[in-house]
Amino acid sequence: MSDQVKSEWKAEHVIRSYEVDPSGVARLSSFCRFMQEAAYLHAEHLGVGHSQLSQQGISWVLARMRIEVARLPKWGEPIRLRTWPSSRDRLFFYRDFEIADGDGRRLMQAGTAWFVIDIQKRERMIPDWWTTAEYPIGGRLFDAKLGRLKSCGCEGGESMPVRYGDLDQNGHVNNVRYIEWMLDGLPPEFHQTHVLQSLEVNYLAEAVYGHQVSVCCNEIEPRIFEHGIRANDAELFRARSVWAAR
């Protein structure tokens, strides 16, 4: 691999008015989109991005994620992101992220785990280059691997249909939408008095146009929740969130 290849990807952004909540603080979903775009661009640079993989009929899928939040910035604040491939094993490629404010103080860090699917068969696969390609690997931010969460075991509330605007270029619900649905499952009064500290996520199955989706959550300890999303009797999403009082 050429020395010209960047071992990490850096990007800068200013929080927009449409990326904040009613309190003027950036929504977590805004960061997830920012991270997703940076991962996309770096993968393109490394030769394994969407444009390259789609020609082979395959695509990256986000499977697991862990986010630790120090502070969420406000409208108009500049932020800086850097991301890098942090590890790989027989199941996943791992990618980590650090996001800082304009002065370099950490706002957030995240670890993610990805695998590859056959787009037509909708099945996981291992490409020929999975174990042989020499991609730059950096250090991992979290010592523990991203594990499988247990089911929250709760029944979903009122169901809602998957709409066209929920879909991404792979034809299924975009991974950020699940997080938005999960956060919307908590009442506005809770968001007004609490701030997210950490989030762990497992993506288990895909939802597509026309599915009926239901969201549920259980408070297992004070300010600690287990979340679940189901569609058509299948479990799609699990998460665990930890909150602090504002």
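Throughout, a residue counts as buried under 20% relative accessible area, as exposed over 50% and as partly exposed in between (1.4 Å probe, protein chains only). The model is a predicted one, so to speak of a local feature takes pLDDT of at least 70 and to count a side-chain atom pair takes pLDDT 80 or more, while totals for chains, interfaces and linings use all residues. Residues are numbered from 1 along each chain as its sequence is written, and side-chain values use heavy atoms, with hydrogens and water left out.

D103 sits in the loop between β4 (93-101) and β5 (106-118); strands here are DSSP runs of E with at least two residues, helices are runs of H or I with at least four, and both are numbered from the N terminus. The D103 side chain makes a polar contact with the side chain of R105, at 3.2 Å. A polar contact is a pair of N or O atoms within 3.5 Å; within protein, one must be able to donate a hydrogen and the other to accept it, and residues adjacent in sequence count only if both atoms are side-chain atoms. D103 and I126 are 23 residues apart along the chain, with 41 Å between their C-alpha atoms.

Next comes helix α3 (residues 175-184), which is largely enclosed by the rest of the structure because eight of its ten residues are buried. Those buried residues are N175, V176, Y178, I179, E180, W181, M182 and L183. At the start of α3, the backbone nitrogen of V176 has a side-chain oxygen of N174 within 2.9 Å.

How do α3 and α1 pair up? Their axes come within 10 Å and cross at roughly 170°, where axes are lines fitted to C-alpha atoms (for helices over the stretch in contact) and angles run from 0 to 180 degrees between N-to-C directions. The two helices are therefore roughly antiparallel, a label for angles over 145 degrees, with under 35 counting as roughly parallel, 65 to 115 as roughly perpendicular and the rest as oblique. On the α1 side, L28, S29, C32, R33 and Q36 meet N175, V176, R177, I179, E180 and L183 of α3, contact meaning heavy atoms within 4.5 Å. By class, this contact has five nonpolar, three polar and three charged residues.

Elsewhere in α1 (residues 28-46) is H42, which counts as buried because its relative accessibility is 0%. Leaving aside residues up to four places away in sequence, H42 touches K6, S7, E8, W9, T83, W84, P85 and R95. Y40 is also found in α1, but is partly exposed, with a relative accessible area of 33%. Y40 and S51 are eleven residues apart in sequence, and their C-alpha atoms are 9.8 Å apart in space.

As for cysteines, a search of the whole structure finds zero disulfides, a disulfide being a pair of cysteine sulfur atoms within 2.5 Å. The sulfur of C32 has its closest cysteine sulfur in C217, 18 Å away, so the two are too far apart for a bond. C32 is buried at 4% relative accessibility, whereas C217 is partly exposed at 28%.

Finally, N202 lies in strand β8 (residues 194-203) and is buried at 2% relative accessibility. A polar atom of the N202 side chain lies 2.6 Å from the backbone nitrogen of L149. Residues up to four places away in sequence aside, N202 touches A63, R64, G147, R148, L149, L236, F237 and R238.

Key
Ala, Val, Leu, Ile, Met, Phe, Trp, Tyr, Cys and Pro count as nonpolar, Asp, Glu, Lys and Arg as charged, and the others, Gly among them, as polar.
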